[in-house]
Amino acid sequence: MAFYELLDRGGGYVKSPTRKVGCFHVKENEKENPQKELVPNKAPLTQKLRTYRRPLLITAVLFFVLILLPPLLVLAYYLHDRTSFDPDSLLTMQATSFIYDQEGELITALHGEQNRIPVTIDTIPETLQQAILAAEDLRFHNHQGLDIRAIVRALFTNVQDGAFSQGASTITQQLAKNAFLSPEKTIRRKFHEAFLAYQIEKNYTKEEILEMYLNWIYFGHGAYGVQAAAQTYFDKDISEINLAEAALLAGLPRRPSFYSPIQNAEVALERRNMVLTLMTQNQLISSAEAKTAALEPLPQELYNTFSLQYPHPAYVDYVIEELVTRHGYTDNQVFRGGLHIYTAMDRKTQEKIEEVLNNQSYFPPSPQDQLVQAAMAVVDHRNGLIQGLGGGRSYEGGRSFNRASQLKRQPGSAAKPIFVYAPAMEAGFTPNDILPDSPINFGGYRPRNYDNSFRGTVSIRQAVSLSINIPAVYLFRHIGPEVGIEFAKNVGLPLEGEQAYLALALGGMTKGVSPLQMAGAYAPMANSGLYIEPLAVTRIVDYQGKEVVIKPIEKRVLSEEAAYKMTDMLVTAVQSGTGTRAQMRRPVAGKTGTVELPHTAEFRNVSGNKDAWFVGYTPELTCAVWMGYDITDRNHYLRQIYGGSYPAAMFRDVLSLALQDQPVQAFARPEGLRYASGKFLGTSASTAIPVSTEESTIVESQAQAEPAATERLYPPEQEEQALEEIEKDSTEIPPTYVGTDAQPVTDAQPVTDSQPVTDSQPRAITTPVANQPITTDFINSSSDSSNSEERVIEGVPKGEE
């Protein structure tokens, strides 16, 4: 039967008469000729395709626009200015870096090939290669520069930890970063790193990449590459090292200084054994081999160390340290990146520091096997620029231990202005407020004064200038230890995790501080309350001419009034307290600090000190000085040496020269500051800071016992003899604090009455009876605002010892 068949819903009919034969339609007029062309029945399939064509097209477009296009655009954005890649550049790139002082004069050149001895991969033991892969990139042979599995694992770990606790850089990425890229930590740089890693993998074999990496990386103590590292740590050729030595070397590249077996033996041992464990877990060595290797001792000394022989080594070493740890540059970029590094070093100040540290007359006699050491840091507190650093006596450089920046020692009483008095001044106290000085039991902690005597009550000024301990602990407890700790953190002291022990008031820190950190912490008191993080590097220009200007971190930590009140008291400490040896022909403020020997069995029946400090400032510069032994034991400790003796003399002589061409000026006094002040007691009364006329008989008698202030208290030829006399008449006895035995304070409340108090209203803070709650009673001594005389409140109960 003939009919019209609809083939396409979109329009059009087949008007020829047909009949159906199986799955074909045959035209009627050709039914007698089955050999003619048969027309397939397309209707069902065509209908289905046309039904889904548009949705599929829309889905594909949306997938591209929403899923594929954004990452492609991001990739194009980050790679449009990517670093060009030359396959031969890894083998040929070398450029000398230069370091300049604050005047733009060249200090030294840093050459990239210093103490680097390239070796071929076939001379490097397989155990070292396996150890490096286990520690840094286990899947090195299974990726093409990026380890996606490690990236995903690190991503989940970091999300879980809530921090960037784990990375996923491959050995190839590390090679690309060290060889080609700037140190900035940005997403753009990570894209460039990934791109370069892929290019390296395309142009070099895995063995070539591993060989370049092992010859490139830094192992600490001036050793670049595995050959120099083997010679430095083991006095061996790289081909001769054993499994334990290979594991130690493999653990160093991530943090060479931190994992150094010479500087940090416990951590180095733990790191080495962890590498052995990783090798065992991945079946690179047997458990028996790992156990045997773990029993081998660490190296105890360095061999064939390479001296860089550059001038001003302590300052140059710190510049390198700052570039790497604070500004993100790699060691390779510093030594081979063709950088022009401009610093804040004042050549005159730096040379004077080195002269003092290498002059025997500034040091007490010491045994031949170990010299008594010292370190210094001089900072311009007005801009945070580090003008000079002294890393120690006979400091040789070459990335050796820099005591100016790397030392960690307790500061003793030099910490009192930071933890106690500056926060108290900010809370509204004044130098004339009264504190108790009598035996007090702070919940089991009984501090004592240096002379084992008690004055009943003293002003805060007297407590600061004479370095009296009990008033400091009392005030610290009163304002709240948390307040003091927070202020110390704000001025750069390393206090993460520090407990609120009362011993912090006397410098009883857990980890200690460096001279550079102490100079930075005192700087806000000299700079009207503004803290500027100390820095040595001011700008960097790379080999392509791109300039990076380093901007210091600034923040206000004290009001101008609080900073001036602290300066006023610290001037008294230098004029008539424990710091008289620091006097110059210009205003000087400062504080001494002395740390006695620890109360351990080794020092039983031994009286002496472990550390001596002086930290002070003029209106222009802040300086911190430390003295002590690198290793303190029964035969090596300070005998009758205090912060007010040798350290104060070093401070005076260095700053006298540094400022000799600058006019004398006073500390800036805020307008409207109200409390009694009077004449300057030194030799430049016309331009110096006013000092309060409030002085007790204790201070007056002390002042009479001290020599008059001159630019130099004695000629150089009489230095040693005169300093011996200082020991005899020194007024500062080492403070005592209870280290880990001090009880943490959990109930201390901050001061709630923070209104400024004038001299007409000195506050007497009552002394509690032993084991009784500590309370505060604010009492006005007079209603006459012109009366600056202190009133000692009668009837204040004394604590029982």
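Predicted model: local features only at pLDDT ≥ 70, side-chain atom pairs only at ≥ 80, totals over all residues.
## Basis of the model

Local features need pLDDT of at least 70 and side-chain atom pairs count only at pLDDT 80 or more, whereas totals for chains, interfaces and linings use all residues. Residues are numbered from 1 along each chain as its sequence is written, and side-chain values use heavy atoms, with hydrogens and water left out.

## The open sheet

Five strands form an open sheet in the order β7-β6-β8-β14-β15, with mixed pairing. Strands are DSSP runs (E, at least two residues) numbered from the N terminus, and two strands pair if DSSP finds at least two bridges between them. At the edges lie β7 (106–110) and β15 (547–549), each pairing on one side only.

Strand β6 (residues 97–100) pairs with β7 in the antiparallel sense over four bridges. The bridge partner of Y100 is L106 in β7.

## Aromatic pairs

The structure holds six aromatic pairs (ring centres of Phe, Tyr or the six-membered ring of Trp within 6.5 Å; planes under 30 degrees apart are stacked, over 60 edge-to-face, the rest tilted). One of them, Y100 with Y342, is stacked, at 4.6 Å centre to centre and 15 degrees between the planes. Because Y100 lies in strand β6 and Y342 in strand β8 (residues 340–343), the pair ties together parts 242 residues apart in sequence.

In contrast to this stacked pair, F258 and Y259 are edge-to-face, because their ring centres are 5.2 Å apart and their planes stand at 70 degrees. Y259 is buried, with a relative accessible area of 14%, while F258 is partly exposed at 32%. Buried means under 20% relative accessible area, exposed over 50%, and partly exposed in between (1.4 Å probe, protein chains only).
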